[in-house]
Amino acid sequence: MAKRHLKVTGDLGRVVFMEYDLRNTPSLEESVRHSDIVYNLVGRDYPTKNFDLEDVNVEGAERIAEAVAKYDIDRFVHMSSYNADKNSKSEFFRTKGRAEEVVRSIFPETTIVRPAPVFGHEDKLLNKLAGASNLFTSNNMQERFWPVHAIDIGTALATMAEDDSTASETYELYGPRNYSMAEIAKLVDREIIKHRRHINVPKRVLAPMAQAYNKLIWWSQVSADTVEREFIDQKIDPRAKTFKDLGIEPADLANFTYHYLQGYRSSAFYDLPPATERERREEKKFLHVIDDQ
């Protein structure tokens with residue numbers, strides 16, 4: 001049921017779902033064997049009782065790359081993450097860094113994509129900040145990064161499919177402006193016309209609490225590694241290619257807050273214009289007199 005809404009993204013017969021198990025190699029091989037290009041978008045940023053981060057991000061990527069190599073698929077694009085580094089303090093970033101090495105060792109022509117934190121429909125950035133349940137933080141929301149629009153990521157991935165010169169390359173895909181999480185939270189509050197409270201809890205307290213909470217529930221909320229990542233700013237690899245090399249101009253998050261957050265407004269304010277336009281209207285109510293004397 002979770003994937004049913006994707007069926008309408010293509011004409012009849014254009015979108016075909018195939019069941020697979022990340023631990024079942026034959027099912028992975030059957031999924032890729034007739035492909036011209038394979039995108040590995042399988043990933044997890046929190047552990048579950050069935051799969052830890054190593055199982056999904058490293059071993060799963062390895063099996064998919066082996067299936068691609070076995071059937072000599074023309075192109076393989078592996079979705080990694082910003083800050084992917086096998087020496088990182090974050091387990092998520094460590095597993096993503098190791099996965100890059102593994103897939104490149106199996107299929108050297110792999111195109112690696114490292115997206116920054118993504119905003120868009122059903123994202124884990126704007127929607128998380130706008131929701132009332134996002135209460136606790138551990139670094140006063142000082143983590144800094146370049147948020148990127150999901151549409152720009154999709155455009156980049158589509159471009160890679162048509163451009164064979166992107167094979168064997170690594171791309172850092174990030175937005176045009178650097179924000180702290182606190183700055184984005186301020187934009188969100190202004191757009192939804194509400195103030196979401198955020199309570200700062202020391203990492204030594206919040207991390208074990210988050211780890212226990214993650215084991216109690218089955219859906220994604222928070223984990224100990226989520227807390228660890230709050231203390232790691234995004235770093236850009238100067239050797240990697242970017243949107244510019246693909247001929248794409250990335251969009252700024254500030255221009256889309258109204259589009260994605262209007263639904264979080266109360267009924268009293270739902271039809272008001274975007275925050276920036278509303279501020280311009282308020283400014284016109286006042287007469288500005290400049291005294292040159």
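Student: Which residues does Q262 touch, not counting those up to four places away in sequence?
Tutor: Keep in mind that we're looking at a predicted model. Q262 sits in the loop between α9 and α10. Skip the residues up to four places away in sequence, and Q262 touches T257 and Y270.

Student: Is Q262 buried or exposed?
Tutor: Check its relative accessible area, which is 18%. Buried means under 20%, so Q262 counts as buried.

Student: OK, over to T137. Which side chain makes a polar contact with the side chain of T137?
Tutor: T137 belongs to strand β5. Leaving aside neighbours within four places in sequence, its contacts include H198, L206 and E230. The polar contact between side chains, at 3.0 Å, is with E230.

Student: How far apart are the C-alpha atoms of T137 and L206?
Tutor: Along the chain, these two are 69 residues apart. Even so, L206 is among the residues in contact with T137. Their C-alpha atoms are separated by 8.1 Å.

Student: What is the bridge partner of P115 in β8?
Tutor: Start with the strands: β3, residues 111-115, pairs with β8 in the parallel sense over 4 bridges. Both faces of β8 are covered, with Y171 and L173 buried on one side and T170 and E172 buried on the other. The partner of P115 is L173.

Methods:
Residues numbered from 1 in each chain as written. Predicted model: local features only at pLDDT ≥ 70, side-chain atom pairs only at ≥ 80, totals over all residues. Heavy atoms only, no water. Helix = DSSP H or I, 4+ residues; strand = E, 2+ residues; numbered from the N terminus. Contact = heavy atoms within 4.5 Å. Polar contact = N/O pair within 3.5 Å; in protein donor to acceptor, adjacent residues only side chain to side chain. Buried < 20%, exposed > 50% of the residue type's maximum accessible area, 1.4 Å probe, protein only. Pairing = 2+ DSSP bridges.
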